[in-house]
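Here are my notes on this model, point by point. Please read them with the structure open.

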Amino acid sequence: MAAAGGPLGDACRHHAQLGACESRAKYREGRRPRAVKVYTINLESRYLLIQGVPALGVMKELVEQFALYGAIDEYHALDEYPAEQFTEVYLIKFQKLQCARVAKKKMDERSFFGSLLHVCYAPEFETVQETREKLQDRRKYIAKATNQRDRFLAKKVEGPKKIISKNSEYDCQRNTSESCAAGNWDPSPCFPNSHMVSQNKGYPSGNHNQSQFIFPQNDNNCAETSGYFGQSMSLTQNVQPGGHTPPVSSMQQRTVPIDNGIERFMPRTTHLQERKRRREEGNKFALMGTYMDSTEVIIGPQLPEVPKVDMDDDSLNTSATLIRNKLKQVAASVSRTSVEKPKDSLAKPLVKQRRRI
Amino acid sequence: MELGRLEYLQALVTEFQATDSPDAKEQVLANLANFAYDPRNYGHLRQLQVLDLFLDALTEDSEALVEFAIGGLCNLCLDKTNKDYILEANGVEPVINCLSSSNEETVMSAVTTLMYLTTPQSRQQTTALPVVECMLRFSLSASRRLSNLATVFLEDYCTPLQVEEARNLSKHTAVGIPLPKD
């Protein structure tokens with residue numbers, strides 16, 4: 001690194017993507033081609049550098065996409081960072097290393113507005129204190145992981161009679177700690193509860209309305225969305241008049257049977273296809289800024305109702321209202337079949353009806 | 001599943017020892033070093049004597065092999081059993097030698113490994129005067145990663161007295177170990 005280069009100058013070299021290794025023995029080949037590289041705690045970071053973002057003014061979309069993997073502390077464009085033509089480079093700082101890890105894994109080499117993202121850790125943006133904390137977190141994690149293992153082994157040796165109950169207890173503990181603290185081997189995403197809040201916090205106030213606008217409709221029609229905001233919006237309004245949001249359970253009820261279906265025997269290829277399909281579906285939601293695994297429902301301001309058109313004539317107005325109500329009834333009966341709470345959806349339109357006449 | 005993992009690791013170790021291809025050796029060593037990141041593999045890795053394999057590879061001529069081996073040690077040396085084993089096997093010395101590598105990754109891993117290997121007993125060795133001197137120089141490096149790491153080392157693992165002593169010494173000896181290239 002040149003002395004004059006500063007943090008940006010030296011960043012370029014260690015972020016140069018290594019060529020994927022072509023000469024691996026069959027048994028060592030992974031699912032994706034990878035370069036020969038060893039990851040240590042020094043290379044990891046809460047800071048992610050995202051290269052190859054098309055210069056289309058899509059920062060908000062980019063940040064929303066990354067926020068799916070955990071709360072983001074800071075983000076900004078790196079204007080001086082050397083970038084390919086028509087692309088931009090962004091820096092995103094996650095609150096937790098584990099989230100950055102998952103985000104990197106999921107987003108690297110992903111297509112984003114027609115361009116492939118290159119995501120890498122950017123530890124050179126850490127402060128001394130952040131580096132210190134990172135090293136200490138690793139120390140704590142190893143202490144926790146190995147202590148539990150030791151205790152587990154000790155129990156096993158000393159009291160084989162009690163082992164059945166103890167076993168399950170320890171397994172349980174270990175699983176939870178591994179998956180939420182820092183399951184490194186196959187990290188599962190962590191979604192802190194404050195997730196959405198902090199995500200919003202980061203937006204400039206101008207975008208605030210829009211982001212809130214996106215969230216409420218997402219929890220409605222996960223199954224039906226076709227990816228267009230306009231379309232899904234009208235759908236929402238037809239099915240749920242008056243901005244009425246269905247209970248959370250409707251989404252869960254719909255997804256649970258799918259999961260159960262997988263439990264049946266399926267040939268491996270079908271299994272893979274199914275997985276691919278679900279991944280793609282996941283991506284689709286991801287693009288819209290929802291995250292699927294959450295049970296938390298964020299309800300924003302009510303969508304404005306469709307303005308009533310005045311027909312300049314009493315009888316015309318009456319028939320227009322009739323038609324509107326009829327449409328709502330039909331829509332309600334449709335939602336009754338899909339949602340397993342018929343009384344709720346039936347009751348609401350009725351109230352509305354009376355008021356309007 | 002657990003059995004599968006052990007067998008896989010065994011296959012890697014066997015290939016590392018048997019192969020003549022330098023490429024394959026690097027790939028396998030990198031594989032093992034990455035496995036060393038996850039505490040769940042520590043038992044297997046000890047069983048297969050991968051710690052010795054890493055320590056031996058520190059003296060290889062190939063820069064890549066040294067980088068991967070010290071990376072592997074950096075990944076597993078926090079575990080108490082592994083730490084004791086490395087200290088017992090006089091592992092500190094070859095790790096200190098890595099500080100003079102021209103490969104930045106190797107140097108970074110070596111600094112972190114020294115931090116993690118520091119115990120009341122090993123402190124004297126891991127924070128010997130030449131090491132502290134080295135860290136002083138690294139703390140002035142243009143590479144933010146390296147300077148951060150060296151600063152943490154100086155602040156958290158050395159006494160102010162040690163740092164002062166090293167500072168005085170480096171005043172007299174202007175030429176030291178060259179900084180890593182990148």
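1. Helix α11 of chain B runs over residues 144–157. Its length checks out: at 1.5 Å a residue, the 14 residues should span 20 Å, and the end C-alpha atoms lie 19 Å apart, so the two values agree. Keep in mind that this is a predicted model.

2. How many of the 14 residues of α11(B) are buried? Eleven are, so the helix is largely enclosed by the rest of the structure.

3. Chain B and chain A bury about 4,000 Å² between them. Carbon and sulfur atoms account for 54% of that area. In chain B, B:Gln27, B:Tyr37 and B:Arg40 lose the most area to chain A, together 18% of what that side buries. The contact involves 49 residues of chain B and 44 residues of chain A.

4. Two salt bridges cross the interface of chain B and chain A. In a salt bridge, the side chain of B:Asp156 meets that of A:Arg132, with N to O at 2.7 Å.

5. Which helices of chain B each supply at least two residues of the side that touches chain A? They are α1 (2–18), α2 (22–35), α5 (63–76), α8 (104–117) and α11. The largest share, ten residues, comes from α2(B). By residue class, this side of chain B divides into 23 nonpolar, eleven polar and 15 charged.

Terms used: Residues are numbered from 1 along each chain as its sequence is written. Chains are lettered from A and ligands numbered from 1 in the order in which they are written. This is a predicted model: local features need pLDDT of at least 70, side-chain atom pairs count only at pLDDT 80 or more; totals for chains, interfaces and linings use all residues. Side-chain values use heavy atoms; hydrogens and water are left out. Helices (H or I, at least four residues) and strands (E, at least two) are DSSP runs, numbered from the N terminus. The expected span of a helix is 1.5 Å times one less than its number of residues. Buried means under 20% relative accessible area, exposed over 50%, partly exposed in between (1.4 Å probe, protein chains only). Contact means heavy atoms within 4.5 Å. Buried area is the accessible area (1.4 Å probe) that two parts lose on being put together, summed over both. A salt bridge is a side-chain nitrogen of Lys or Arg within 4 Å of a carboxyl oxygen of Asp or Glu. Ala, Val, Leu, Ile, Met, Phe, Trp, Tyr, Cys and Pro count as nonpolar, Asp, Glu, Lys and Arg as charged, and the others, Gly among them, as polar.
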